[in-house]
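The sequence and the structure come before the details.

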Amino acid sequence: MPDARAILITGASTGIGEACALELDRRGFRVFAGVRSAEAGEALRSKASSNLVCVHLDVTDPRSIAEAADAIDAAVGALGLWGLVNNAGIVVHGPVEIVALDELRRQFEVNVIGQVAVTQKMLRLVRRARGRIVNMGSVSGFVSAPHLGPYAASKHALEALSDSLRVELARFGIGVSIVEPQSIRTPIWTKARASADALVRGLTPQAEELYGKEMRLVGRAVERFEARGLPVERVVRAVVHALTAPKPKPRYPVGLQTRLAYLLWHLLPTSLRDAILRRETGLG
């Protein structure tokens, strides 16, 4: 039987967000898909049922968030919003010494502050339904690889915020989960590689001497991570469980690497962890 409860998914234009939107739409949920352009909305609607509604939503723009919240409120009324999936995210990478501070700020604006801003505006609707919040984390939320410090820092922050929010909202009957995938085959890594290539091309002579070789090695490692990434359906299953299970899990590690890291990473000596990260990222 179709499930007509309302779900908002941010960052639904491509990748994990798009896949979640389409699967929940297929299951009969009333899906509000957050997109940043009319073109992205048209592309998504062409793959979905007529029940899926695209809403313009830029998680870094307070006015966009407020307008989306008001539109969804008018549509769902007293039923409220059963699920909020905070999926929007970007990857900024590069050595901490040379990462542009504006890029670091953009990383946190999208992956952290944007998630909080959307949650704050939508919570009145989620509380009305005694619903669920699902945040999209990453294995980088507890494993910080070299040259991925900005991204890992944002996902570490999301872990902390999810823990606090889960306890704060429990008395309202609202569940909070965080999904923690290893590398997934989605366009986010294609965008990240393009950004990294641009960063390498723009290195100053001094930065080239210090980090140029390492950055190219890490770039090739990222290509390997993407090639062996898990299918997006693995993440979709975790999101669906978090939204539909009578007792959702607080954490959903997705993939063997993530589960092993979650269980064992903190038990390893720091020197061994550093050696593993250098090997995995091609730094020797």
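Helices and strands are DSSP runs numbered from the N terminus, a helix being H or I over at least four residues and a strand being E over at least two. On that basis, H147 is placed in the loop between β5 and α5. The model is predicted.

## Nonpolar cores

The largest nonpolar core consists of 34 residues, and I9 and V179 are those with the most contacts inside it. At least two residues of this core are supplied by each of β1 (6-9), α1 (15-26), β2 (30-35), α2 (38-45), β5 (132-136), α8 (232-244) and β7 (251-254). Helix α8 gives the largest share, eight residues.

Residues up to four places away in sequence aside, what does I9 touch? The list comprises G17, C20, A21, L24, V31, F32, A33, G34, V85 and N87. There is also a second, separate core, which has 28 residues, including A6, L8, F32 and V59.

## Helices α1 and α8

Two packed helices are described by the angle between their axes and the distance between the axes. For α1 and α8, the angle is about 55 degrees and the axes are 9 Å apart. That makes the pair oblique. The crossing of α1 with α8 is right-handed.

On the α1 side, the contact is formed by G15, I16, A19, C20, E23 and L24, which meet V232, V235, V236, V239, V240 and L243 of α8. By residue class, this contact has ten nonpolar residues, one polar and one charged.

## A19 in α1

A19 belongs to helix α1. Is A19 buried or exposed? Its relative accessibility is 19%, so A19 counts as buried; the cut-off for that class is under 20%.

With neighbours within four places in sequence left aside, A19 is in contact with V232 and V236. The C-alpha atom of A19 is separated by 9.0 Å from that of V235, although these two residues are 216 residues apart along the chain.

## Helices α4 and α5

Helix α4 covers residues 101-129 and helix α5 covers residues 149-169; their axes come within 9 Å and cross at roughly 20 degrees. The two helices are therefore roughly parallel to each other, since angles under 35 degrees fall in that class. The crossing of α4 and α5 is right-handed.

From α4, the contact takes in L104, Q107, F108, N111, V112, Q115, V116, T119, L123 and R127. From α5, the contact takes in P150, Y151, A153, S154, K155, A157, L158, L161, L165 and L169. The residues of this contact comprise 13 nonpolar, five polar and two charged.

## R130 and H147

Which phi values do R130 and H147 have? For R130, phi is positive at about 50 degrees although the residue is not a glycine. For H147, also not a glycine, phi is positive at about 75 degrees.

R130 sits in the loop between α4 and β5. With a relative accessible area of 52%, R130 is exposed, the cut-off being over 50%. H147, in the loop between β5 and α5, has a relative accessible area of 9% and is buried.

Note on methods:
Residues are numbered from 1 along each chain as its sequence is written. This is a predicted model: local features need pLDDT of at least 70, side-chain atom pairs count only at pLDDT 80 or more; totals for chains, interfaces and linings use all residues. Side-chain values use heavy atoms; hydrogens and water are left out. A nonpolar core is a set of buried Ala, Val, Leu, Ile, Met, Phe, Trp, Tyr and Cys residues joined through side-chain atoms within 4.5 Å. Buried means under 20% relative accessible area, exposed over 50%, partly exposed in between (1.4 Å probe, protein chains only). Contact means heavy atoms within 4.5 Å. Axes are lines fitted to C-alpha atoms, for helices over the stretch in contact, and angles run from 0 to 180 degrees between N-to-C directions. Angles under 35 degrees count as roughly parallel, over 145 as roughly antiparallel, 65 to 115 as roughly perpendicular and the rest as oblique. A crossing is left-handed if the near helix is turned anticlockwise from the far one by less than a right angle, and right-handed if clockwise. Ala, Val, Leu, Ile, Met, Phe, Trp, Tyr, Cys and Pro count as nonpolar, Asp, Glu, Lys and Arg as charged, and the others, Gly among them, as polar.
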